[in-house]
Amino acid sequence: MPLPPPTPAATTATPPSVPPSAAAPRTGTAADAVALLAGRRVTALTGAGVSTDSGIPDYRGPDSPPRNPMTFQQFVGDPAFRRHYWARNHVGWRHMRRTEPNAGHRALAELEARGVLVGVITQNVDLLHEEAGSVDVIDLHGRYDRVVCLSCGHVVSRASLDRRLDELNPGFVESVGAAVGDVEIAPDADAVIETTAHFRVADCERCDGMLKPEIVYFGENVPKERVARAFAMVDAADALLVAGSSLTVMSGLRFVRHAAKAGMPVVIVNRGQTRGDPLATLKVDAGTSEVLTELSRSLPPV
Ligand SMILES: [Zn+2]
């Protein structure tokens with residue numbers, strides 16, 4: 001969608017028509033975000049919305065159906081859940097591997113190269129920021145391309161596990177792949193594979209422990225050390241830019257609260273409401289690809 005033409009408020013110093021208040025943030029355009037962020041070092045917090053233009057569905061977006069994601073407790077506590085999860089993941093992860101960064105990812109990488117962006121804290125596990133060239137990225141909720149043993153902590157690549165799962169389940173991907181198609185490309189998606197009953201799960205090669213994608217599930221905490229690094233990244237900036245997150249879960253919202261409490265400007269770019277809106281200095285209700293591209297075009301080096 002093209003950017004709207006600049007409004008008078010954006011091209012002059014005229015105050016915005018919507019006054020800031022505790023309940024409703026000042027809303028504006030990409031140009032307003034440029035005006036607010038110019039000259040500041042920025043840390044970005046990104047969510048599923050930045051990856052929708054890469055074809056990864058945002059299960060919390062305004063048009064998404066209600067969902068009931070599997071929890072960590074279900075995964076570790078119920079072998080049937082675990083088998084079903086791995087069966088879906090075995091099909092789905094290869095779709096994730098084929099996705100490519102979009103204009104929003106590329107814009108953030110450019111802003112980092114120019115010294116505007118301190119780094120990116122992302123709630124996505126798709127690694128598209130890294131692929132776009134972002135260097136300082138904190139994968140808050142983990143990454144889809146690694147698997148960890150819950151007993152001994154041994155980490156292996158998802159690709160190496162793929163070979164083992166293929167040996168244990170010959171023909172599985174081919175038999176269900178077409179039926180699953182592009183539906184199942186998020187690691188915690190709820191698309192149902194009906195033929196998982198015979199799927200064989202792989203255990204840790206070192207200790208026979210339970211393997212789990214290195215992804216933070218619902219009901220699980222982000223590792224403390226990672227949270228501390230993310231707070232430090234926020235503190236290293238002069239402003240926080242939230243892009244494509246409804247901030248539904250506290251793991252992301254806490255950084256907005258932290259920045260607002262410290263008096264830092266908070267800009268939220270998201271289609272639809274977010275839980276951080278009352279704390280935002282400026283809200284841009286628009287797609288991240290367009291707005292981030294405009295920011296990378298217009299923000300001067302810091
Ligand atoms: Zn192990």
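## Overall architecture

Residues 24 or more positions apart account for 72% of the contacts in the protein chain with a separation of 6 or more, two residues being in contact if their C-beta atoms, placed from the backbone, lie within 7 Å. This is a predicted model, in which local features need pLDDT of at least 70 and side-chain atom pairs count only at pLDDT 80 or more, while totals for chains, interfaces and linings use all residues. Residues are numbered from 1 along each chain as its sequence is written.

The protein chain has 11 helices and 9 strands; helices (H or I, at least four residues) and strands (E, at least two) are DSSP runs, numbered from the N terminus. Of its 302 residues, 42% count as buried, where a residue is buried if 20 or more other C-beta atoms lie within 10 Å of its own, exposed if 12 or fewer, and partly exposed in between, with C-beta atoms placed from the backbone.

## The nonpolar cores

The largest nonpolar core has 51 residues, and those with the most contacts inside it are Leu240, Val242 and Val267; such a core is a set of buried Ala, Val, Leu, Ile, Met, Phe, Trp, Tyr and Cys residues joined through C-beta atoms within 7 Å. Strand β7 (residues 239–243) supplies the largest share of this core, 5 residues. At least three residues of the core come from each of domain 1 (15–55 + 101–141 + 222–298) and domain 2 (72–98 + 143–215), the domain bounds coming from an automatic or database domain assignment.

Not counting residues up to four places away in sequence, Val267 touches Ala33, Leu36, Leu37, Ala239, Leu241, Ala280, Thr281, Leu282 and Val284.

## Helix α2 and its partner α11

Two packed helices are described by the angle between their axes and the distance between the axes. For helix α2 (residues 30–37) and helix α11 (residues 288–298), the axes come within 9 Å and cross at roughly 45°; axes here are lines fitted to C-alpha atoms, for helices over the stretch in contact, and angles run from 0 to 180 degrees between N-to-C directions. That makes α2 oblique to α11, since angles under 35 degrees count as roughly parallel, over 145 as roughly antiparallel, 65 to 115 as roughly perpendicular and the rest as oblique. The crossing of α2 and α11 is right-handed, a crossing being right-handed if the near helix is turned clockwise from the far one by less than a right angle, and left-handed if anticlockwise. In this pairing, Ala30, Ala33, Val34 and Leu37 of α2 meet Glu290, Val291, Glu294, Leu295 and Ser298 of α11.

Within α2, Ala33 is buried, with 28 other C-beta atoms within 10 Å. Leaving out residues up to four places away in sequence, Ala33 touches Gly28, Val267, Val269, Leu282, Val284, Val291 and Leu295; Ala33 and Val284 are 251 residues apart in sequence but 7.7 Å apart in space, C-alpha to C-alpha. As for α11, 9 of its 11 residues are buried, so α11 is largely enclosed by the rest of the structure. What covers these buried residues includes α2, α5 (103–113), β7, β8 (266–269) and β9 (282–284).

## Helices α9 and α10

The axes of helix α9 (residues 224–235) and helix α10 (residues 250–261) come within 10 Å and cross at roughly 35°, and this crossing is right-handed. Ala230, Phe231 and Val234 in α9 meet Phe255, His258 and Ala259 in α10.

## Individual positions in loops and helices

Val116, found in the loop between α5 and β2 (117–122), counts as buried with 25 C-beta neighbours inside 10 Å. Setting aside neighbours within four places in sequence, Val116 is in contact with Arg41, Val42, Leu111, Leu299, Pro301 and Val302. Asp166 belongs to helix α7 (residues 158–168) and counts as partly exposed, with 13 C-beta neighbours inside 10 Å; its C-alpha atom is separated by 9.6 Å from that of Arg200, 34 residues apart along the chain.

Leu127 has a positive phi of about 65° although it is not a glycine, and Asp208 likewise has a positive phi of about 65° without being a glycine.
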